[in-house]
Amino acid sequence: MEGIWKDIPGYEGRYQASNMGRIRSLDRKVRGVCHFTGKEFYRKTKGYGLRPGAIKSGHLSVVLGHGTAGIPVHQLVMKTFVGEAPEGKEILHANGNPADNRLGNLRYDTRRENIFDVFRQGKAWRKLTADDVQAIRFELYCGFRGSDLAEMYNVSQSCISAIRHGRSFSWLR
């Protein structure tokens, strides 16, 4: 299944993204300089599929051109087929798999919805799950010390304090 390929905005004629979540370079002429004579010349390079690397969060990224930083594949796919993210929106993976960059699995939504999606899928946002937060609240109510809870859940004391005072996970009731 080949999919639909389109030029990535800003990289027209050099790189393309597919609606199946793949990135490729295109056949093109590359400028070079002869080491002996100093004369400029052009050579043809054949296009190829880029092999993305995984970053810590599980997302895939590719490097477009030498000396540049990696760009997440899901950002390139959305930018190519949907356009830039509206103000205050970010890209969500519908199935929760950050390595699945098919266009049908991606959408723009708010940070809040992104966090809710993670919890709906039964995963942890950062280190704590929704059940962990509820348990921490109950244990705080029962008189457990924040430092003990921080050690039990492998988080900082400030994280426990933020839960206690409603500065984090306030939306979770």
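Helices (H or I, at least four residues) and strands (E, at least two) are DSSP runs, numbered from the N terminus. The model is predicted: local features need pLDDT of at least 70, side-chain atom pairs count only at pLDDT 80 or more, and totals for chains, interfaces and linings use all residues. Residues are numbered from 1 along each chain as its sequence is written, and side-chain values use heavy atoms, with hydrogens and water left out.

An open sheet of three strands has the order β1-β2-β3 with antiparallel pairing, where two strands pair if DSSP finds at least two bridges between them. β1 (5–7) and β3 (23–25) are the edge strands, each with a single partner, so one side of each has no neighbour in the sheet. From one strand to the next, the twist averages 30°. Three bridges join β1 to the antiparallel β2 (residues 15–18), and Asp-7 stands opposite Gln-16 in β2.

Helix α1 (residues 73–81) lies across β1, β2 and β3 and runs at about 90° to β2. Contact means heavy atoms within 4.5 Å; axes are lines fitted to C-alpha atoms, for helices over the stretch in contact, and angles run from 0 to 180 degrees between N-to-C directions.

The second largest pocket has a volume of about 400 Å³. On a 1 Å grid over the protein atoms alone, a pocket is an open set of points where a 1.4 Å probe fits, with protein on both sides within 12 Å along at least five of seven lines, and lining residues have an atom within 4 Å of a point. Grid points are joined across faces, edges and corners, and a volume is the space filled by probe spheres set on the points. Of the 16 lining residues, Tyr-15, Arg-28, Tyr-48, Gly-65 and His-66 are the closest to the centre of this pocket. β4 (28–33) and β5 (40–45) each supply at least two residues of the lining.
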